[in-house]
Amino acid sequence: MTRQSRLPRPGLDRSLPVWLAAALVLLFLMALPLGWLVRVSVSQEGGGVTLAHYRAVLADPALRRALGNTLVLAFWVGLASIAVGAPLAWLTARTDLPGKGVLRALVLASFVTPPFLGAFAWVMLAGPNAGLLNTLWRRLTGLDSPLVDIFTMPGLVFVVTLYTFPYVYIMLVNTLALIASDLEEAAAILGAGRLGVALTVTLPLVLPALVSGFILAVLQALALFGSPAILALPAGFHTITTQIWSFFHYPPKIEQAAAFSLPLLLATALLLLVQKRVLGRRGYVAVGGKGGQRRTIALGAWRWPALAAGLAVMACSIVLPYGILAKAALSRAWAQPLTWSNLTLANFTFTFVDYGATQAAIVNTLELGVATATVGAVLVALLAYVATRRLVVGHQVVAFLALAPIVIPGVVLAVALFIAYTRPPFVLYGTLAILFIAYLTKELPTGYAQSDATFRGIPAELEDAGRILGAGRLRILRDVTAPLARSGIIAAWCFIFIGVIRELSASIILFTPATRVMSVVIFDLKEEGQFGAIAVLGLTMLALTFATVALMQRVLGRDMLGARE
Amino acid sequence: MRTTWCLALLATLAVAGGAAAQDAKLVDAARKEGKVVWYTSLALPTAERLAKAFEAAYPGIKVELNRTGSERILQRVMQELQANIKTVDVIHTSDAGHFVMLKDKKLLARHTPPGVERFPAGFKDRDGYYYGLRATVNAIAYNTRVVSAAEAPKTWKDLLDPKWKGKMVTAHPGYSGVIATHVLALVKLLGWDYFKQLAANQLMLVQSANDPSGVVASGERPVAVDGGDYTFYQIKKKGNPVEIVYPKEGVPLVISPTAITAFAPHPSAARLFTDFSFGRELQQLMADSEGLYTGHPDVTYPADKPKLSELKLLTVDPDELLKRNEEIKKRFVEFFGA
């Protein structure tokens, strides 16, 4: 067949196999591991099916405590994230607060900061005795008791919230940006005070976004591994994720790990279902209208206290942790003042020159980051394209599958992949491939959401025009759609890349000494207490992250927190 | 340093008599293999130093070092074998029970480094599969800025005093072989009840037996209830306000074996590396700069460290350590919470 004779044939588009293949890949990433997970959780030695593992994990008081701890952690992180994220969003979106740009940039920084680095930094800031803040507190007040003890449940909630509230912030700031001021003004004219307006008009309008943000924050807290491992274990308590991880310790109890994973999986799925319901009711005329005007609310005398509060939050989230990391990286003993005699570059030479594992881990991390982001960005672009253009029967299923991995917490995904890929026919454990699969699966939903927005933003009319002129679907994709979708696809790439280089909760179960990544090396060093080297590697990871953020902002022409338009 | 080492090697070879040709063959074969993969629980900077010394002595043979806690090493080795991954050449942990098990499972290669016949009995496997590379004892340590010598704990039982509540740190037997050995030794001396009472003092839990030294030095917790004494010694030498106490009831002795795997992908490099690490020079290096004890009879120790012979040593039987491995981890977690 020559090029000239090619004509579009409706019904027999030859791109169809491409979509089917993509759908199959998804099924393979999800169905096989999860199938194994369920199967192993009910497996019996010598064959047969048993619920013994479920009974074992649910009857063990220590495991029940871990379950309870996780619920307490997640609930309070959800509430605290609203308490911090909602006012910040309102202040930066709707008021005349000074320094809004700075605050927004800092929220973004907190959004991309690996939570386990934050937790590690807070060990140095608020360890009850040696922590910098507590040392200062004692010197100032002369008291014996510490200001904060970070190795407690409230301490853990505090630190996790610092890196989780941006999820609430994003949900809310983007909703607030869409609410027209008319209703609020009407209420004001009718005599409602500023607070009255906020409570009776604005609040109901943003309630779905609030609930949704709460659920997102809860999900983050449920799935987190690094922060509880760093802050809860020293205090002698487990969460579900650290408990699942410790099931892998010798002698391993993989069946129990599988059985303990499923409650977490179900809880996540349930919460997302609720979120979908809540968001699904978002039919307000007032939200979503672009035409209405949004007037800035004058804060008056409250401007400065409000700014101070916002900056205080961001100091806890960014300024103090980054500062103490830098200090630890440059000092011989992190708890001592940074005097000339304590100043050293030895941590850098140790990390980058002496310790061979670092270079290999950085290379692995970058390789995985680039590979996952590239394959992922192309995959989500194809999937979003097929779903938004309704190209195959059951395109809704494609969208559903692409978003489905969001219900799988990293640790659970890792357990499933470990089980599925340490046995024939696919022995991938010990290779970078298993980490690649884990990252790809985990990042798929984020990337897909980004791509979906991109393709929705490209009018189908342009593609139709190309088709009328005789181009095939793939050619249109290349010549018309791809150029328009370019910046959106690069943004998806960056999102995935950032997610991959900081990934810990799945990596910690799937790595082998030959396939270590940066986050795992940091965790290894943490277990041995090598603070200086951790700080150096942590700062390296942050530098990589912010370079990617900068790239994305350049491409998008806006920051990554913004509403998808 | 390399010349000295070569001279030492020559001397050894002369004693061995006629083994020189064989040894050159080993070096050649090892060079062809190009590297040795070493899973070790030796403190990271110490392990790096040892690896660098080997690489300097044998240019062209790289040491691929993977450091983590003893119990994690066993976990990794077994997980890899389950997936049929064979990467590790030399295994070195502080849990002697591991080596009993690995030997029983036929996962170790028999290899006797030259000179180890002169080591004390506790350092040698009677079947010739593994040998103690180094030894340490568990000790108590405290921060001298916070705790005076007079009020410092002198015995293991002193740590049960409620005045230490919230002021102590322990490492974890689920991570560290040094601590697993320590727990068993003290259980045999004082019973599990001791740990139950100790846990009532709300200890901070860290993982590695190297970590309590850092925690005490920083002042985060002024007292460490366990930890390799060599890590305390090193941090004290660096000028940190740390003092070591060797309780009179006896100190748990931890002899950390090393062995070559039966499936080693680099068997010659593994043998060369093992022989090198049992040589006088390396054993002396561990004693001098790291404050470790060794089984080598010719090694001299820093004057400011007690001799092993001056200490009342609590030893544990590797077989028992293996048999009670799960019990140790389980009960510790039960008492301390995680």
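This is a predicted model: local features need pLDDT of at least 70, side-chain atom pairs count only at pLDDT 80 or more; totals for chains, interfaces and linings use all residues.
One position to look at is Ala135(B), whose bridge partner in E11(B) is Ile255(B).

Let me stay with E11 of chain B, as several other strands meet it. Strand E3, residues 90-92 of chain B, is joined to E11(B) by 3 bridges, again in the antiparallel sense. Here Ile91(B) has Ala259(B) as its bridge partner in E11(B). Strand E4, residues 108-109 of chain B, also pairs antiparallel with E11(B), over 2 bridges, and Ala109(B) stands opposite Ile260(B). With strand E12, residues 313-314 of chain B, the pairing of E11(B) is parallel, over 2 bridges; Val251(B) has Leu313(B) as its bridge partner there. As a reminder, strands of a sheet pair through backbone hydrogen bonds, either parallel or antiparallel.

I turn now to another sheet in chain B. This one is open, has 5 strands in the order E8-E7-E9-E6-E10, and shows mixed pairing. Strands E8 (204-205) and E10 (242-245) of chain B stand at its edges; each has a single partner strand, so one side of each is left without a neighbour in the sheet. Further in, strand E6 (residues 140-143) and strand E9 (residues 223-224) of chain B pair in the antiparallel sense over 2 bridges, with Tyr142(B) facing Val223(B) as its bridge partner. Helix H9 of chain B, residues 229-237, packs on this sheet and touches E6, E9 and E10 of chain B. The direction of H9(B) makes about 150° with that of E10(B).

In H11(B), the buried residues are Leu282(B), Gln283(B), Gln284(B), Met286(B), Ala287(B) and Glu290(B). They pack against helix H3 (44-57), strand E5 (131-137), H9 and helix H10 (267-277) of chain B. Just after H11(B), Gly291(B) takes a positive phi of about 75°.

A residue of H3 in chain B deserves a moment here. Thr46(B) lies in that helix and is buried, at 2% relative accessible area. Leaving aside residues up to four places away in sequence, Thr46(B) touches Tyr230(B), Gln234(B), Glu290(B) and Leu292(B). Between the C-alpha atoms of Thr46(B) and Phe273(B), which are 227 residues apart along the chain, the separation is 15 Å.

Over all chains, the structure holds 31 aromatic pairs. In one of them, the rings of Phe54(B) and Tyr58(B) have centres 5.2 Å apart and planes at 40°, so the pair is tilted. Both residues are buried: Phe54(B) has a relative accessible area of 0%, and Tyr58(B) has 5%.

In chain B, Lys305(B) lies over the face of Tyr293(B), 4.1 Å from the ring centre. In chain A, the charged end of Arg423(A) sits over the ring of Trp36(A), at 4.3 Å from its centre.

Staying in chain A, how do helices H3 and H12 cross? The axes of H3(A), residues 61-94, and H12(A), residues 240-247, come within 8 Å and cross at roughly 145°. From H3(A), Leu63(A), Ala66(A), Leu67(A) and Thr70(A) meet Ile240(A), Gln243(A) and Phe247(A) of H12(A). This contact is made by 5 nonpolar and 2 polar residues, with no charged ones. In the loop between H12 and helix H13 (254-280) of chain A lies Pro251(A), joined to Tyr250(A) by a cis peptide bond with omega of about -5°.

I close with two backbone points in chain B. Lys106(B), in the loop between helix H5 (96-104) and E4, has a positive phi near 60° without being a glycine; Lys106(B) is exposed, at 68% relative accessibility. Gln202(B), in the loop between helix H7 (192-199) and E8, likewise is not a glycine and has a positive phi of about 50°. Thank you.

How values were computed: Residues are numbered from 1 along each chain as its sequence is written. Chains are lettered from A and ligands numbered from 1 in the order in which they are written. Side-chain values use heavy atoms; hydrogens and water are left out. Rings of Phe, Tyr and Trp (its six-membered ring) pair if their centres lie within 6.5 Å; planes under 30 degrees apart count as stacked, over 60 as edge-to-face and the rest as tilted. Buried means under 20% relative accessible area, exposed over 50%, partly exposed in between (1.4 Å probe, protein chains only). A charge sits over a ring if NZ of Lys or CZ of Arg is within 6 Å of the ring centre and within 35 degrees of the ring normal. Two strands pair if DSSP finds at least two bridges between them. Helices (H or I, at least four residues) and strands (E, at least two) are DSSP runs, numbered from the N terminus. Contact means heavy atoms within 4.5 Å. Axes are lines fitted to C-alpha atoms, for helices over the stretch in contact, and angles run from 0 to 180 degrees between N-to-C directions. Ala, Val, Leu, Ile, Met, Phe, Trp, Tyr, Cys and Pro count as nonpolar, Asp, Glu, Lys and Arg as charged, and the others, Gly among them, as polar.
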